[in-house]
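Hello,

Here is the structure we talked about.

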Amino acid sequence: AHGVLAFSRRGENGDFNVWSYMQYTETGCVNVWLDEIVPCLKDNETGEIKETAVFKIESRSFLDNFTEEKGWGIDWNKIPKEIDVFALGLKESGEIQGLVAVKNEPESKVVQLHWACTAPWNNKHLFGSQKYAGVGGHLFAIAVDMSIKWGYEGYVYGFALNKELLNHYIEVLGCFFVGIRHPYHFLLEPKSARKLLENYTYEWK
């Protein structure tokens, strides 16, 4: 089942308590896997390389059909208004292959990777098959891109869903474990962030 993947925090007595759905949506959580780091997306059936484009979602109503029930992890139209949402699409058709939400934190000079989700047909971990490879890396790269554009040199942090994903981000991306604001709080620093971004050729729309 692809229901709400609740995460936990340690209480005063040392136990982990499940966060509510509202906290989960508002606070953010990263549960996307990175399969291949490729400049574009790769069609797993044909091996064909598909060029990609990124565009900002200007209206929350556009996200009404991107719901947890339909395999998009959460109801994307409920993400707080101060958080920017971007879509990764195929350049030729515009079909959306993934969504990423990023929060600008100028006081700390960092971007929070608030949410990231591949389209359900690309999520082999939940649905057993994958149309296009390479979406996860693109979504992280978009967060890095915004960090650089906002003047933060590529600093990006997030809260991994679990320890397995935290270790995955450390191993694949070179993230650091922080563990201050969340049990699986991680940070991507500029050197590793720019190395990741160098792999991608997507266009901004």
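**Lys91 and its surroundings**

Lys91 counts as partly exposed, at 34% relative accessibility. Lys91 pairs with Glu203 in a salt bridge, with the closest N and O atoms 2.6 Å apart. That pair links distant parts of the chain: Glu203 sits in strand E14, Lys91 in the loop between E7 and E8, 112 residues apart. Glu203 is partly exposed too, with a relative accessible area of 33%.

Glu51 also forms a salt bridge with Lys91, at 3.4 Å between the closest N and O atoms. Here the separation is 40 residues, and Glu51 lies in the loop between E5 and E6. A network of salt bridges links Glu51, Lys91, Glu203 and Lys205.

Lys50 is buried at 11% relative accessible area, whereas Glu92 is exposed at 61%. The whole structure has 11 salt bridges.

**Strand E7**

E7 covers residues 84-90, and seven of its seven residues are buried. Both faces are covered: Asp84, Phe86, Leu88 and Leu90 on one side, Val85, Ala87 and Gly89 on the other. E7 runs antiparallel to E6, with five bridges, and antiparallel to E8, with six. Ala53 pairs with Gly89; Leu88 pairs with Gly98. E7 and E8 form a hairpin, and Gly94 in its turn has a positive phi of about 80°.

**Confidence**

This is a predicted model. The average pLDDT is 88. Residues 1-21 stay under 50. Where pLDDT is low, the predicted coordinates should not be read in detail.

Best wishes

Technical notes. Residues numbered from 1 in each chain as written. Predicted model: local features only at pLDDT ≥ 70, side-chain atom pairs only at ≥ 80, totals over all residues. Heavy atoms only, no water. pLDDT = per-residue confidence, 0-100. Contact = heavy atoms within 4.5 Å. Buried < 20%, exposed > 50% of the residue type's maximum accessible area, 1.4 Å probe, protein only. Helix = DSSP H or I, 4+ residues; strand = E, 2+ residues; numbered from the N terminus. Pairing = 2+ DSSP bridges. Salt bridge = Lys/Arg side-chain N within 4 Å of Asp/Glu carboxyl O.
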